Amino acid sequence: MRVVGLGRIALCLWIGSISLIGGCGGGSGEGLDSNGRPIGEGADPGGPILPNFTSIQSHVFTPICSVCHAGGSAPQGLRLDASNAYAMTVGVSSAEVPSLKRIAAGDPDNSYLIQKIEGHASVGARMPYGGPYLDAATIAAMRQWIANGAQP
Amino acid sequence: MKALLRFLAGTTVGALISLAAHAEPYLAVRTGLKCVACHVNPDGGGLRNAVGQSFVQNVIAANPAPAPLNAWNGSVASWLRIGGDLRTDSTETKVDGQATTRVSGNQQTRLYADLQLLENHLGAYIDEQVAPGKSLRQEAYARLQTSDGGWYAKAGQFYLPFGWRLQDNTAFVRQLSGISMTVPDKGLLVGMEKPEWSAQLAYSDGPGNKGAVRGHQLTGQLIWLQPWGRLGAAMAHVQSTAGNRQSWGAFAGTTTGPVAWLAELDLVADDGYPEGQRRQMASLLEANWLVVKGHNVKLTSEWLNPDTRVSNDDKVRYSLLYEYTPIGFLQLRAGYRWFKGIPQNAFDNRRLGFVELHAFF
């Protein structure tokens, strides 16, 4: 009985320490750009989204997609952090539907990434997973960039 | 109000034509049972066994199911068990400076089947997501086990074992580890189930090693069960041409009166970033209060450090959920989540409210 009591107390202390690690609020953001990276480290153009890769990376891929799509366990092998996103999307076959390119330059309708964010892909859930989904203006900018040739 | 009534009417009809089985690890902690006590899959989640079916109808639900539903135990033949899982929800998201968005619809419909090819020794398991979109295979594996279930092996496509197998796949710990019930992997898993210990070790392709990216993943976890709760440790090593990853996790669960507690702390180190290796941490603290039979209140506190070398970039998420299980085939959930992040990113400070209908058989 004594061992059970001590074990429970030890576990409660451990759990309590985890809650303390969590703290009460988010970071202050001091010295960081809008994506939480040190100012000057990366290209964060700010302002509204534009139909170019740098802007889409900063407004969509980095802050939203790379929460899951980054690192060694990125779903479907798709890494959308700033150093990998272009090379892993433009002209690259989708892992879920290999007959489609993730981004087919000049052809937004047949770009699997557009189908996933618009919610009419033939396989799996709409992205970003669990929402909120991208607004019409953001999707329009991404479509325009692809239609213009999906330049880096 | 009209919109809510329309949603409930629509989802109820949907539930009747597409019947859930889904794991919530707090139930195992609350009862002191292992995952394998209620699930066909020894790692937990998915199709329930006969004990699990009885448990959900007689222990979790507020009321007994009406006849003939109460006779359902998941078995359609001595060699075949089936089950299903439907989740449909309506979510409203508020981001400062932007219009409020509202999305409703089917989150997922899954069907499960377990075939006993050689009773208590050799089986085949399938978890098929049939909606939304085209059918998508989540799990499909052959399972070999000793007659007492003390040792088993799975070969095929399955979910990897790492930390608490939460229903909420968007929890920070699940997003950071990249191991959840949305990301199956192909490989071989060996498991052990002893009275005080559970262990799994898997060798797989790695969910991130797809297309031109090549490599493999080694994932393992060990859980120690005691009368006062349980403690677990997990690790994953990803070998990848796009950059290696090391993950470590520690997790625990206990009860204090009517409250079941879950906690997890994960650390991930990723190569393949311009600055070299990036380390991230995430934690989860979850309290589940059994108000009265069939009624559960869930409170969670989560923390994410996206880069341990960068200061002031932490994110937190708080959730308050109410779960009502009127009968053993139906659950209604409603919740609110607060996100807090750096002030210059409005999206990281969003609020989200949702109602969900979860039907299962």
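## A walk through chains A and B

The model is a predicted one, so every value below is computed from its atoms. Gly46(A) counts as exposed because it has 10 C-beta neighbours inside 10 Å. Asn35(A) is 11 residues away from Gly46(A) along the chain, and the C-alpha atoms of the two are separated by 9.8 Å.

Two packed helices are described by the angle between their axes and the distance between the axes. Here helix H2 (residues 53-61) of chain A meets helix H5 (residues 136-147) of chain A at an angle of about 150 degrees, and the axes lie 10 Å apart. Because angles over 145 degrees count as roughly antiparallel, H2(A) is roughly antiparallel to H5(A). The crossing of H2(A) past H5(A) is left-handed. On the H2(A) side, the contact is made by Phe53(A), Ile56(A), His59(A) and Val60(A), while H5(A) supplies Thr138(A), Ala141(A), Met142(A) and Trp145(A). Sorted by class, this contact has six nonpolar residues, two polar ones and no charged ones.

Two of these names come up again in the largest nonpolar core. Among its 29 residues, Ile56(A) and Trp145(A) touch the most other members. Which elements give two or more residues to this core? They are H2, helix H3 (85-89), helix H4 (112-118) and H5 of chain A. If you set aside its neighbours within four places in sequence, Trp145(A) is in contact with Pro51(A), Asn52(A), Phe53(A), Ile56(A) and Ala150(A). There is also a second, separate core of 27 residues, and its members include Tyr26(B), Val36(B), Ala260(B) and Leu285(B).

How do the two chains meet? In the model, 60 residues of chain B are in contact with 51 residues of chain A. On the side of chain B that touches chain A, strand S12 (residues 259-273) of chain B gives the most, with six residues. That side of chain B divides into 26 nonpolar, 24 polar and 10 charged residues.

Gly131(A) and Pro132(A) are joined by a cis peptide bond, with omega about 0 degrees, and Pro132(A) is in the loop between H4 and H5 of chain A.

Next come two positive phi angles. Gln76(A) is not a glycine, although its phi is positive at about 60 degrees. It lies in the loop between H2 and H3 of chain A, and Gln76(A) counts as partly exposed because it has 18 C-beta neighbours inside 10 Å. Asn120(B), not a glycine either, has a positive phi of about 60 degrees. Its loop in chain B is the one between strand S3 (101-118) and strand S4 (122-131). With 11 C-beta neighbours inside 10 Å, Asn120(B) counts as exposed.

Terms used: Residues are numbered from 1 along each chain as its sequence is written. Chains are lettered from A and ligands numbered from 1 in the order in which they are written. This is a predicted model: local features need pLDDT of at least 70, side-chain atom pairs count only at pLDDT 80 or more; totals for chains, interfaces and linings use all residues. Axes are lines fitted to C-alpha atoms, for helices over the stretch in contact, and angles run from 0 to 180 degrees between N-to-C directions. Helices (H or I, at least four residues) and strands (E, at least two) are DSSP runs, numbered from the N terminus. Angles under 35 degrees count as roughly parallel, over 145 as roughly antiparallel, 65 to 115 as roughly perpendicular and the rest as oblique. A crossing is left-handed if the near helix is turned anticlockwise from the far one by less than a right angle, and right-handed if clockwise. Two residues are in contact if their C-beta atoms, placed from the backbone, lie within 7 Å. Ala, Val, Leu, Ile, Met, Phe, Trp, Tyr, Cys and Pro count as nonpolar, Asp, Glu, Lys and Arg as charged, and the others, Gly among them, as polar. A nonpolar core is a set of buried Ala, Val, Leu, Ile, Met, Phe, Trp, Tyr and Cys residues joined through C-beta atoms within 7 Å. A residue is buried if 20 or more other C-beta atoms lie within 10 Å of its own, exposed if 12 or fewer, and partly exposed in between; C-beta atoms are placed from the backbone.
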